[in-house]
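Here is a note for a colleague who is meeting this protein for the first time. It is arranged as numbered points, to be read with the sequence and the structure alongside.

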Amino acid sequence: MKAVVYRGGGARAGLVDVDLAPPRAGEVEVEIAAAGVCHSDLHVVRGEWAVPTPVVLGHEGSGVVSAVGEGVADLAPGDHVVLSWVPNCGECRPCLAGRPAQCVVAATVTAPKGVLFDGTSRLSAGGEQLYHYLAVSSFAERVVVPASGAIKVRDDAPLDTIALVGCAVATGVGSVRNTAAVEAGATVAVIGCGGVGLSCVQGARLAGAERIVAIDLVQSKLDLALGLGATDALAGGAGAVERLRELMPEGVDYAFDAIGRIETTEQAIEMLALGGAAVVVGLPPTGSRASFDPLVLAEADQRILGSNYGSVVAHRDVPALVDAYMDGELRLDPLVSGRRPLAEAPQALEDLAGGEVLRQLLVP
Ligand SMILES: [Zn+2]
Ligand SMILES: [Zn+2]
């Protein structure tokens, strides 16, 4: 099959011939319908995150199950699925506590080691082993993933759109509903209006937030945020905190950093009202350090929360988000900047880095 491989060291990713071994016990093979291009792929090709290479990129996607390994009872060929980049073992402490987005095996094996649950890879090229990216590697014609990373969804939903639910939408909406548990009537700021940030805006609207302030450097993204439920829009960058305080002198109950830069994380904390919570959703390069004033944090009774994958319970949240899309409550189509062939993945990554595009979908 064809897949997009990044060989490390700043080399440009490229479409090459890749061998995919059949699914082993507890795994499924999925024919990819669409794969979204995310900043977490960009971090890898920019060398900002160390992952084992050579690696098949991509961690957001959708498709149709084409084969199942031994012992897989809840999926069958023909099932429509959205891929999750936090497959869960079901047996570790967080999994048993109902917090599968914190799965210890996903955090210590699949994500850092680039392999599947049994510690091995199904990907190779000319006899050379390739690594999986976040147990997904969706920039490919087919994937083999842990069965828990393939979430069955209704088969009347358009696969080339709902791919987005697998990362951007689950992360953004989940950070609002699950991590922060934003309540009706709350005030919210969202810094960064890309695929994740616009999903935070929509999550806040669905939660019944009274004020939703969208903040971005790009006017077209602010216009889109206003169309998706934001009540106010402000220019991002230097001075964003002062602009927010002009609009809302007391600050906001919840501030989401959907970018993950040191400055935006610090701005989110500084935008908080008394009792507010800042939520770090966007992911920075490895080793970033942000600062805050602990005296203010304590006296103002504030919180700083990290949100991994929107704290999702994928098997509960992903089908529900697809339903919300099909019911018209959640809008996905405005988040799609375009659909491109797999071979254009390197250009799509460069376009994402340019800051103007939202979600681009690669269609094998
Ligand atoms: Zn992502
Ligand atoms: Zn687990």
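1. In what order do the six strands of the open sheet with parallel pairing lie? In this model, which is a predicted one, the order is β15-β14-β13-β16-β17-β18. The strands at the edges are β15 (232-235) and β18 (303-306), each of which pairs on one side only, and from one strand to the next the twist averages 20°.

2. One position to look for is phenylalanine 256, whose bridge partner in β17 is valine 279. Phe256 is also among the residues in contact with valine 190, once the neighbours of that valine within four places in sequence are left aside.

3. Helix α9 (residues 262-270) lies across β13 (187-191), β16, β17 and β18, and it runs at about 175° to β16. The buried residues in α9 are Thr264, Thr265, Gln267, Ala268 and Ile269. What do these buried residues of α9 pack against? Their partners are β13, β16, β17 and β18, together with the helix α8 (240-247).

4. A second open sheet to examine has three strands in the order β3-β8-β9, and here the pairing is antiparallel. Because β3 (19-20) and β9 (128-129), at the edges, have a single partner strand each, one side of each is left without a neighbour in the sheet. Two bridges join β3 to strand β8 (residues 123-125), and leucine 20 stands opposite leucine 123 in β8.

5. Turning to the protein as a whole, there are 12 helices and 20 strands. The radius of gyration is 20 Å, close to the 21 Å that the globule rule gives for 364 residues, so the protein is as compact as a globular protein of that length. Its C-alpha atoms fill a box of roughly 60 × 40 × 35 Å along the principal axes, and buried residues make up 51% of the 364 residues. Among the contacts between residues at least 6 apart in sequence, 70% join residues at least 24 apart.

6. The domain assignment gives domain 1 (2-166 + 331-363) and domain 2 (172-308). The C-alpha centres of domain 1 and domain 2 lie 28 Å apart, and 15 residues of domain 1 are in contact with 12 residues of domain 2.

7. Which residues touch the most other members of the largest nonpolar core? In this core of 119 residues they are Val56, Val188 and Val190. Strand β4 (residues 27-37) contributes the largest share of the core, namely seven residues. Since both domain 1 and domain 2 give residues to this core, it lies between them.

8. Alanine 101 is found in the loop between α2 (93-96) and α3 (104-113). Not counting residues up to four places away in sequence, alanine 101 touches Val86, Asn308, Tyr309, Ser311 and Val312.

9. Some details of the backbone deserve a look as well. The peptide bond from threonine 53 to proline 54 is cis, with omega near 0°, and proline 54 is found in the loop between α1 (39-45) and β5 (55-56). Alanine 135 has a positive phi of about 60° although it is not a glycine; this alanine 135 lies in the loop between β10 (131-132) and β11 (142-146), and it is buried, with 28 other C-beta atoms within 10 Å. Alanine 181, in the loop between α5 (168-179) and β13, likewise has a positive phi, near 50°, but alanine 181 is partly exposed, with 13 other C-beta atoms within 10 Å.

Definitions and conventions
Residues are numbered from 1 along each chain as its sequence is written. Chains are lettered from A and ligands numbered from 1 in the order in which they are written. This is a predicted model: local features need pLDDT of at least 70, side-chain atom pairs count only at pLDDT 80 or more; totals for chains, interfaces and linings use all residues. A nonpolar core is a set of buried Ala, Val, Leu, Ile, Met, Phe, Trp, Tyr and Cys residues joined through C-beta atoms within 7 Å. A residue is buried if 20 or more other C-beta atoms lie within 10 Å of its own, exposed if 12 or fewer, and partly exposed in between; C-beta atoms are placed from the backbone. Helices (H or I, at least four residues) and strands (E, at least two) are DSSP runs, numbered from the N terminus. Domain bounds come from an automatic or database domain assignment. Two residues are in contact if their C-beta atoms, placed from the backbone, lie within 7 Å. The radius of gyration is taken over C-alpha atoms; the globule rule is 2.2 Å times the number of residues to the power 0.38. Two strands pair if DSSP finds at least two bridges between them. Axes are lines fitted to C-alpha atoms, for helices over the stretch in contact, and angles run from 0 to 180 degrees between N-to-C directions.
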